[in-house]
Amino acid sequence: METIKLTIDNKKAEVPKGTTIHKAARQMGIEIPTLCYMELHDLNIENKPAGCRICMVEVEGRRNLAPSCATRCEEGMVIKTHTTRVLNARRTVMEFILSDHPKDCLICPKSGNCELQAMANKLGIREIPGQEIAAMSTYRKDTSPSIIRDLDKCILCRRCEMMCNDVQTVGALSAVNRGFMATVAPAFEQNLEYSSCTYCGQCVAVCPTGALTEVDHTPEVLRALADPSKTVIVQTAPAVRAALGEEFGMAPGTLVTGKMVSALRALGFDYVFDTDFAADLTIMEEGTELLGRLNRHLKGDTTAKLPILTSCCPGWVNFFEYYYPDLKDIPSTAKSPQQMFGAIAKTYFAGKIKINRKDLVVVSIMPCLAKKYECQRDEFSTENNRDVDFSISTRELAAFIKQANIDLNNLEEGEFDAPLGESTGAGVIFGTTGGVIEAAVRTAYELQTGKKLERLDFTELRGLEGVREATIDFDGLPVRIGIAHGLGNARKLLDDVRSGKSQFHAIEVMACPGGCIGGGGQPLHHGNSEIIKARAAAIYTEDRKKPLRKSHENPFIIKLYEEFLEKPNSEKAHHLLHTHYFERKKKILVKP
Amino acid sequence: MKKIKSLADLRKSKADTLARIHAKEKIRIRVHMGTSGLASGAKEIFDFLTVELEKRSINGIVVGTGDMGYCFAEPTIEVTRPGEDPVVFGNVDKLKADEIIEKFIKNGYYVEGLLPVNYQTIN
Amino acid sequence: MAKQKKQLLVCGGKSCSSHNSEVLYDNLCLELEANALENEVSVVRSGCFGLCHLGPVVMVMPEKVVYVKVNPDDTRDIIAEHLIKGRKVERLLYHDPVSGKIIPEEKDFAPLKKQMRIVLRNCGIIDPENIEEAIAHDAYEALGRVLTEMKPADVIRIIRDSGLRGRGGGGFPTGLKWEIAYNNKSDEKYVVCNADEGDPGAFMDRSVLEGDPHAVLEAMAICGYSIGAGKGLIYIRAEYPLAVARLKTAIRQARDYGLLGDDIMGTGFSFDIEIRYGAGAFVCGEETALIHSMEGLRGEPTVKPPFPAESGFRGKPTNVNNVETFACISPIILKGAKWFSSIGTEKSKGTKVFALAGKINNVGLIEVPMGITLREVIYEIGGGIRNGKKFKAAQTGGPSGGCLTEKHLDTPIDFDNLLAAGSMMGSGGMIVMDEDDCMVSVARFFLDFTVEESCGKCSPCRIGNKRLHELLDHITKGKGVPADLDRLMNMSMVIKDTSLCGLGQSSPNPVLSTLNNFREEYEAHVTVKKCPAGQCRDLMEYFIISENCVGCTACARVCPVNAITGERKETHTINPSICIKCGACIEKCKFDAVIIR
């Protein structure tokens with residue numbers, strides 16, 4: 001590999017050709033402050049528009065300062081990262097940015113977690129010269145079912161835009177307007193609700209300030225908890241337990257399943273259940289559907305559509321409903337675990353505890369913002385009563401626990417309630433990319449072959465590669481599987497399906513890079529992809545610790561079918577656990 | 001229209017056109033019709049001159065061209081009498097155009113508004 | 001046709017008029033009558049000769065003898081000696097200041113040849129919608145020679161040796177640019193013509209495209225041959241409908257004639273050109289922003305390197321040149337690198353087209369050799385300052401440039417001298433200001449433009465310029481304090497130092513150059529709260545001089561806000577806290593008693 005010799009702050013270094021000044025400095029232990037720059041190394045995601053101009057450094061012989069994030073090292077470069085010229089420029093630019101930023105940190109949802117606030121503090125800004133005559137760029141606030149856009153707080157780092165366009169290829173957000181009024185918005189500054197937005201929340205996950213935040217449903221949850229006439233139950237998604245601890249100072253990858261259960265109980269939920277249970281149920285339905293289609297296909301039935309696409313990710317569902325409506329009969333019709341849980345809770349469980357579904361409030365804790373939208377979909381309500389009443393994110397739960405003065409770190413390990421709290425390892429791995437399909441394989445293999453599966457860890461389905469493929473031997477029948485995480489990667493697989501080139505039998509798609517562990521509702525990673533890797537490892541640890549690791553072995557699932565649903569894909573199961581898809585463009589382009 | 005298939009073709013085309021442009025006994029008028037010219041009324045002058053040359057039986061041709069840069073004096077026209085140097089007139093309205101036809105084109109007398117040539121060119 | 005008439009041209013330009021050229025004209029007429037020549041010789045007032053420092057000027061036609069500094073009393077000699085006796089009046093002829101030689105005739109008259117038309121060679125000469133006329137004026141001859149006689153490297157060498165530098169603003173050596181694009185190997189390359197002329201008041205490119213579109217098409221094809229590109233794109237503002245229409249016609253005709261398209265002139269070389277429209281964003285003149293705009297993306301710049309020559313349009317090596325640069329190419333090929341490099345200064349070769357605007361008599365386009373002085377441009381070609389006012393400054397380089405002042409009048413204009421003077425060449429706008437212009441307001445005016453035209457991508461340009469503008473506005477309203485000047489300076493320096501592209505890096509130039517050259521004017525605004533040029537409305541005060549006031553009450557009666565009080569036949573006073581500075585009282589007062597101070 002070709003290398004380059006250079007000097008940074010009087011220290012000599014040798015770096016590979018093509019390295020940026022910022023990375024070269026980091027290798028030497030010099031952390032040049034940045035604001036817009038962000039990199040998620042293992043996911044091949046990098047944002048470097050060189051727009052904030054905070055990371056400027058002095059390069060000998062260059063007329064002006066250089067943005068270290070976007071300037072390549074060159075042979076013999078002599079770089080200074082903290083001359084008075086650099087420090088003054090950095091400070092002045094920061095004053096510019098702050099002069100056009102609201103000062104309402106006291107009530108900002110990002111306060112304490114805001115990269116701009118941290119930078120202001122780091123640079124020791126104590127006043128903003130000229131603030132008294134400085135106009136502010138202000139914009140209409142936009143609230144969608146999942147995401148709030150408060151562009152007064154946008155610093156134009158363009159991370160959201162990069163996520164939305166380059167990574168997710170959703171194309172909902174891009175820079176609009178010029179000069180002082182430039183900001184990031186859907187086309188024509190339309191509301192997010194009327195755009196191609198899938199509510200994947202990746203924009204929120206990377207926003208350094210309070211410009212993009214989730215719609216906070218904790219006040220409604222609190223009100224329900226305080227209402228004595230309501231029975232409030234909660235379900236927690238698999239990825240939440242692998243990340244919640246981060247909000248309480250624990251190392252990324254710390255599993256807090258038991259403590260989380262105790263905290264939820266302490267918050268006043270009447271029953272603490274697990275979405276993992278519904279994940280097992282999803283495998284039963286989806287796996288059966290897969291085998292049904294596969295076997296029909298093998299028998300030469302040309303109406304059997306393959307590949308089957310997973311449908312548990314609501315961001316993904318929104319995506320194909322918008323961009324691939326012609327393929328809407330290809331995904332599995334199985335509802336997502338969240339909605340399966342809601343449907344079962346409001347029927348089976350409400351019946352069990354003998355209350356009206358209207359007096360049962362179902363709250364979900366999700367790593368996801370699209371779940372907020374999903375639970376509000378019309379088709380997931382009965383007589384205006386939603387199957388899942390509120391969906392709150394991991395971050396909202398953490399804030400809720402802190403508000404309630406609950407010391408998560410020192411809580412005892414609690415246990416989920418029965419009957420909707422029991423799950424297998426297969427349900428747990430739903431939280432990471434490749435997990436759903438691995439869980440499906442564990443069940444489908446045994447159902448198809450009638451043999452016991454010896455090896456449960458399908459490592460060939462794991463990892464962070466954007467598009468993965470593997471062929472699993474179903475006792476002589478090769479089942480070809482595709483996996484994509486991140487909607488941009490999903491698009492690649494989908495285009496092949498559309499053009500008829502796809503060779504897969506089943507495809508798993510997760511909208512968020514890394515899967516749910518990297519969801520838009522998770523604690524912010526602030527550009528550290530190690531965090532996402534640690535969460536994935538935690539999920540697999542939880543799986544390995546489970547005594548049961550195949551969905552169809554979950555005794556409560558077996559019981560549910562015996563008592564209520566009869567069998568997978570039964571008429572009742574279809575009615576409660578399956579859904580249909582819409583051409584989303586038609587639905588949303590009608591502005592009320 | 002003939003396709004130019006070689007450098008020789010190009011040069012022949014050049015010679016042909018030049019011969020036509022410098023045809024004897026023909027008054028040549030260029031009306032400067034770039035944006036500045038048009039904005040100050042060059043089209044009207046172009047039409048006027050075209051009609052009037054014919055009406056007054058003057059053997060001449062009126063051509064629209066780009067501007068020369070005399071924005072302070074638009075519309076401007078350039079008149080070439082056979083065998084003489086071109087002369088540019090500025091601030092040409094219909095009255096002035098009429099005067100130019102009568103005095104200069106017909107009799108060779110300059111009229112007020114003449115713009116002296118103050119550049120050298122590579123042409 | 002009859003033999004050419006004897007005629008006298010008297011310069012009727014504004015400068016000569018103020019030196020009695022009118023009396024001169026009358027005297028000439030009278031003198032002719034006295035000699036009974038009024039029917040044989042006519043006297044005509046002409047437009048400005050551009051010889052204002054030598055005026056009034058008289059030219060005798062058809063022999064084109066030029067008399068300079070002619071007094072009304074000199075008319076007798078001109079008539080008696082020149083017209084009647086046929087002897088030139090030597091004392092009125094121009095004496096070359098260097099050689100001391102007498103220059104009698106126009107053709108040798110250097111001051112009349114200040115302008116040199118290379119870029120504008122065919123503008124106003126050919127019919128731009130008739131390719132045959134263009135061909136008659138040597139269009140495509142250079143392309144033909146290049147394709148039949150030269151290798152790409154030869155062409156690049158000629159361009160490099162000519163010393164041609166980019167006319168779009170930066171002044172990057174064109175030959176070098178071509179060479180870099182040539183050296184970047186790729187299956188596809190592009191030639192882009194930047195016709196996104198955005199400087200307020202500048203229209204050099206527009207005139208070339210309207211007057212001589214083939215000059216650009218031909219040069220693009222030559223460039224394509226040299227760097228190995230088969231495709232050209234012209235990025236032009238949609239606000240230039242006439243230029244677009246003529247370009248389209250020109251492209252169509254060139255294709256019909258086989259001068260664009262496949263196998264040009266039977267040489268096997270193929271090159272075609274397409275037009276792309278810009279929506280009028282100033283920043284799209286920056287080459288990376290321009291390329292993004294052509295790709296259908298948001299028109300905003302990205303960090304260089306990579307330069308377009310490495311990765312440009314669709315990620316392929318792309319050579320971007322400005323219209324005026326392209327218009328220089330064919331003459332260089334036809335007349336040689338030596339000829340071109342003999343024009344201009346050591347490091348800036350050839351000519352430059354300027355758009356003269358502002359308080360100058362001869363507003364318009366001029367093309368002058370590099371190295372000409374500002375004095376020559378303003379006082380000779382430009383016909384001097386309007387209404388005989390005093391020159392104060394000239395803004396070059398458009399809103400991103402700086403102002404040149406009286407002390408720069410004799411500095412030769414070229415890329416490097418302008419930079420050294422705190423301004424820049426830019427694309428060639430030149431806005432002239434006189435004593436009535438307030439330099440703080442001027443800086444604010446230009447900032448107004450850059451604030452509007454910033455793409456908003458980087459913080460210093462997006463927010464910093466806005467803050468600069470706000471502070472300037474504050475100062476012109478009399479609300480500034482002395483410390484503000486240091487803040488202006490610091491903000492300007494940081495914006496220059498940290499902005500992403502040329503727009504932001506140069507946008508504080510008007511502030512810095514006015515602050516450097518006219519600091520006392522800024523100080524007057526922030527200390528005594530006065531605008532020395534009397535232009536800042538908020539800093540003016542209407543005042544009645546008691547000695548002149550007769551107490552006629554006319555002003556009080558006309559005042560719309562009753563700010564003027566005073567008894568009849570006694571001195572009136574204006575209450576400044578009520579006065580709205582409408583100026584009605586000044587107009588009404590017959591005794592010059594109301595003044596602005």
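Tutor: Start with contact: two residues are in contact if their C-beta atoms, placed from the backbone, lie within 7 Å. This is a predicted model, where local features need pLDDT of at least 70 and side-chain atom pairs count only at pLDDT 80 or more, while totals for chains, interfaces and linings use all residues. Residues are numbered from 1 along each chain as its sequence is written, and chains are lettered from A and ligands numbered from 1 in the order in which they are written.

Student: Which domains does the assignment give for chain C?

Tutor: Domain bounds come from an automatic or database domain assignment. For chain C, these are domain 1 (7-112), domain 2 (131-337), domain 3 (351-434), domain 4 (439-526) and domain 5 (541-596). Take domains 2 and 4 of chain C: their C-alpha centres lie 35 Å apart.

Student: How many residues of domain 2 of chain C are in contact with domain 4 of chain C?

Tutor: Domain 2 of chain C puts in 11 residues, and domain 4 of chain C puts in eight. Classes first: Ala, Val, Leu, Ile, Met, Phe, Trp, Tyr, Cys and Pro are nonpolar; Asp, Glu, Lys and Arg are charged; the others, Gly among them, are polar. On the domain 2 side of this contact in chain C, seven residues are nonpolar, two polar and two charged.

Student: Which pair of chains has the most contacts?

Tutor: Chains B and C, among the two pairs of chains that touch. Chain A and chain B do not touch, and their nearest C-alpha atoms are 28 Å apart.

Student: What does the contact of chain C with chain A take from each chain?

Tutor: It takes 31 residues from chain C and 33 from chain A. Helices (H or I, at least four residues) and strands (E, at least two) are DSSP runs, numbered from the N terminus. On the chain C side, α16 (439-453), α17 (459-476) and α18 (483-498) each supply at least two residues. The largest share, 10 residues, comes from α17(C). By class, the chain C side has 12 nonpolar, eight polar and 11 charged residues.

Student: How do I read a helix crossing?

Tutor: In chain C, the axes of α8 (residues 204-211) and α10 (residues 241-256) come within 8 Å and cross at roughly 35 degrees. A crossing is left-handed if the near helix is turned anticlockwise from the far one by less than a right angle, and right-handed if clockwise. α8(C) passes α10(C) in a left-handed crossing. Arg206(C), Leu209(C) and Glu210(C) of α8(C) meet Leu242(C), Ala243(C), Arg246(C) and Leu247(C) of α10(C). That contact has four nonpolar, no polar and three charged residues.

Student: And a sheet?

Tutor: Strands of a sheet pair through backbone hydrogen bonds, either parallel or antiparallel. Here, two strands pair if DSSP finds at least two bridges between them. One open sheet of chain A has four strands in the order β14-β13-β16-β19, with parallel pairing. Its edge strands are β14 (271-274) and β19 (390-393) of chain A, each pairing on one side only. The twist averages 25 degrees from one strand to the next. Strand β13 (residues 231-236) of chain A and β14(A) pair over four bridges. Ile233(A) stands opposite Tyr271(A) in β14(A). Helix α8 (residues 275-298) of chain A lies across β13, β14 and β16 (360-366) of chain A, at about 40 degrees to β14(A).

Student: Which order do the strands take in the open sheet of chain A with mixed pairing?

Tutor: Four strands run in the order β15-β22-β21-β20 in chain A. β15 (308-309) and β20 (467-474) of chain A are the edges. Eight bridges join β20(A) to β21 (residues 477-485) of chain A, and the two run antiparallel. Arg468(A) stands opposite Ile483(A) in β21(A). Helix α14 (residues 435-449) of chain A lies across β20, β21 and β22 (506-510) of chain A, at about 15 degrees to β20(A).

Student: Why does Phe416(A) count as buried?

Tutor: A residue is buried if 20 or more other C-beta atoms lie within 10 Å of its own, exposed if 12 or fewer, and partly exposed in between. Phe416(A) counts as buried because it has 23 C-beta neighbours inside 10 Å. Phe416(A) lies in the loop between α12 (394-403) and α13 (425-428) of chain A. Not counting residues up to four places away in sequence, Phe416(A) touches Val261(A), Val272(A), Phe273(A), Asp274(A), Gly421(A) and Glu422(A).

Student: Which residues are buried in helix α7 of chain A?

Tutor: In α7 (residues 257-267) of chain A, they are Thr257(A), Lys259(A), Met260(A), Val261(A), Ala263(A), Leu264(A) and Leu267(A). Their cover includes α6 (218-226), β13, β14, α12 and α16 (529-545) of chain A. Just after α7(A), Gly268(A) takes a positive phi of about 110 degrees.

Key: Axes are lines fitted to C-alpha atoms, for helices over the stretch in contact, and angles run from 0 to 180 degrees between N-to-C directions.
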